[in-house]
Amino acid sequence: MASNVDAVDKHYDLIILGTGSGNSIPGPEFDGKSIAIIEKGAFGGTCLNVGCIPTKMYVYAADTALETRESSRLGIDAQVSSVDWPGIVHRVFDQRIDLIAKGGEEYRRGEKTPNIDVYDQHARFVAERTLRTGQGTAAKTISADQIVLAAGSRPFIPEVITQSGVHFHTNEDIMRLARQPKSMVIVGGGYIAMEFAHVFEALGTKVSIIARSELLRHLDADLREPFNELAAQRYDVHQGRNIAGASQQGNEVTVTLDDGSEISAEVLLVATGRIPNGDELDLDLAGIDSTDGRISVDEFGRSTSATGVWALGDISSPYLLKHVANAEMRAVRHNLLNPQNMKKMPHEHVPAAVFTHPQIAYVGMTEEEAREAGHEITVKVQKYADVAYGWAMEDRSGIAKLIADKKTGKLLGAHYMGPQASTLIQQMITVMAFDLDVREVASNQYWIHPALPEVTENALLGLDFS
């Protein structure tokens, strides 16, 4: 218990800060424990409210619009005559997301979880395992034997933007615009920038992109280079540029680049990465070590400096991915219940997908990383266009790239760019997770003909182990 126990309004067995993945910790196993859940925003965290889920609902609409626009390659004369932007917003948020978030909070406040108290104000540490939430007379000081920090991350905004005073958007509000803009400037070249670029351009917005380097620069070169070429055909791309300033005249924002050029648009979207929220919690008052807001944890998710403190998700993880946060949550939940038999945080073979166009998914090493690690490798790049379903789609850019160790037959990396990439890669995630030999994976199972997974089959068969 905290040293200033006399000032504490209530003590709990467990405090959970954040209701993204952290909200999944309390199950029937915790019914006998007193629990406080703190959430200053909407229940469900980034993924539900402003991230993974609503963005993919927009992406699906964008995919449909773009496929319609490009359907002439299939002999179909079709076009998108109009986009009901308010209708899309209503479908995504009013009919789905907001109801789920509201229902999640009502459940935690309801009769089915009587052992849980919900606090809906921002909280900061005031002492060891002691938090103060709210302000003024409504403020409460609470403590616990165990605390789980799952408070996520927030958009990083470059200082040149904040100091300019211009109106800008981030992923947290761009999807709730009252109307679809005719033009947009996106600052950033990562996965958030590329997903929103696809969404808005496909639905009819003129999109300009400002990026300090290549778009999606972390990708394997065989995906990165063609993706950048395709992006340049859809968007007004300014690579290798920094922002020197920004100004606003009425409803138009103008961004000045470091080469003196200017780009103007109705809307400015800043998508320059995310930063963990640890710097907003006064961690030092609780003896919790962090670096730039990212909490330092050991292999089991425990704070490296403070007893009884755990962290998971964006606030501590090297992977800002919802499926990783969920996996970390399951490990932390197990460790809270089984302190004598703890599980390590699951950080092996972490896959990711970018729901832009073309869709991208990857797991494991890039070819460059595999060579740098000293592996003797075999590589195969397989085009969608060389399999029957690729013919059906008239696909011109899709590829699957597999990288394997020539001596052991173990898959080192898998990289897909094209339709259904995030689905196709799942087989290769299984191969890596279960340490299968790719020489057997190709031939010891059926591959439905002429389904799209034949792209993977042919890539596996194309690996040279001679």
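Start at Asp282, in the loop between strand E15 (274–276) and strand E16 (290–291). Helices (H or I, at least four residues) and strands (E, at least two) are DSSP runs, numbered from the N terminus. This is a predicted model, in which local features need pLDDT of at least 70, side-chain atom pairs count only at pLDDT 80 or more, and totals for chains, interfaces and linings use all residues. Residues are numbered from 1 along each chain as its sequence is written, and side-chain values use heavy atoms, with hydrogens and water left out.

**Stop 1: positive phi**

Stay on Asp282. Its phi is near 50°, a positive value in a residue other than glycine. Most residues other than glycine have a negative phi, and most peptide bonds are trans. Asp282 is partly exposed, at 29% relative accessible area. The cut-offs: buried means under 20% relative accessible area, exposed over 50%, partly exposed in between (1.4 Å probe, protein chains only).

Now select His349. This residue sits in the loop between helix H7 (322–337) and E19. Its phi is positive too, about 55°, although His349 is not a glycine. His349 counts as partly exposed, with 33% relative accessibility.

**Stop 2**

Select His357 and Pro358. The peptide bond between them is cis, with omega near 0°. Pro358 belongs to the loop between E19 and E20.

Step to Gln359, in the loop between strand E19 (351–354) and strand E20 (360–364). Is Gln359 buried or exposed? It is buried, at 14% relative accessible area. What does Gln359 touch beyond its neighbours within four places in sequence? Its contacts (heavy atoms within 4.5 Å) are Val354, Tyr416, Met417, Gly418, Gln420, Ala421 and Ser422. Zoom in on Ala421: its backbone nitrogen lies 3.3 Å from a polar atom of the Gln359 side chain. Then draw a C-alpha distance from Gln359 to Gly398: the value is 9.0 Å, for residues 39 apart along the chain.

Jump to His449 and Pro450 for another cis peptide bond, with omega near 0°. Pro450 is in the loop between helix H12 (438–441) and helix H13 (454–461).

**Stop 3: hairpins**

Show strands E11 (residues 243–249) and E12 (residues 252–257). They run antiparallel and are joined by six bridges. Two strands pair if DSSP finds at least two bridges between them. Ile243 has Leu257 of E12 as its bridge partner. The hairpin has two residues between the strands, and Gly250 there takes a positive phi near 65°.

E12 and E13 pair in the antiparallel sense over four bridges. Thr254 stands opposite Ser264 in E13. This hairpin has four residues between the strands, and Gly260 takes a positive phi near 90°.

**Stop 4: aromatic rings**

The structure holds five aromatic pairs. Rings of Phe, Tyr and Trp (its six-membered ring) pair if their centres lie within 6.5 Å; planes under 30 degrees apart count as stacked, over 60 as edge-to-face and the rest as tilted.

Select Trp85 and Phe200. Their ring centres are 5.3 Å apart and their planes at 35°, so the pair is tilted. Trp85 is in helix H3 (residues 85–109) and Phe200 in helix H5 (residues 191–202), so-called distant parts of the chain, 115 residues apart. Both Trp85 and Phe200 are buried.

Phe196 and Phe200 form a tilted pair: 6.4 Å centre to centre, 40° between the planes. They are four residues apart in H5, separated by about one helical turn. Phe196 is buried at 3% relative accessible area, and Phe200 at 1%.

Which residues form one aromatic cluster? Select Tyr58, Trp85, Phe93, Phe196 and Phe200. Then show Arg176, which lies over the face of Phe93, 3.9 Å from the ring centre. The test is NZ of Lys or CZ of Arg within 6 Å of the ring centre and within 35 degrees of the ring normal.

**Stop 5: nonpolar cores**

A nonpolar core is a set of buried Ala, Val, Leu, Ile, Met, Phe, Trp, Tyr and Cys residues joined through side-chain atoms within 4.5 Å. The largest has 45 residues, of which Tyr58, Ile174, Ile186, Phe200, Phe227 and Ile360 touch the most other members. H5 gives the most to this core, with eight residues. Apart from it lies another core, of 27 residues, including Val363, Tyr384, Leu452 and Val455.

Methods
Polar contact = N/O pair within 3.5 Å; in protein donor to acceptor, adjacent residues only side chain to side chain.
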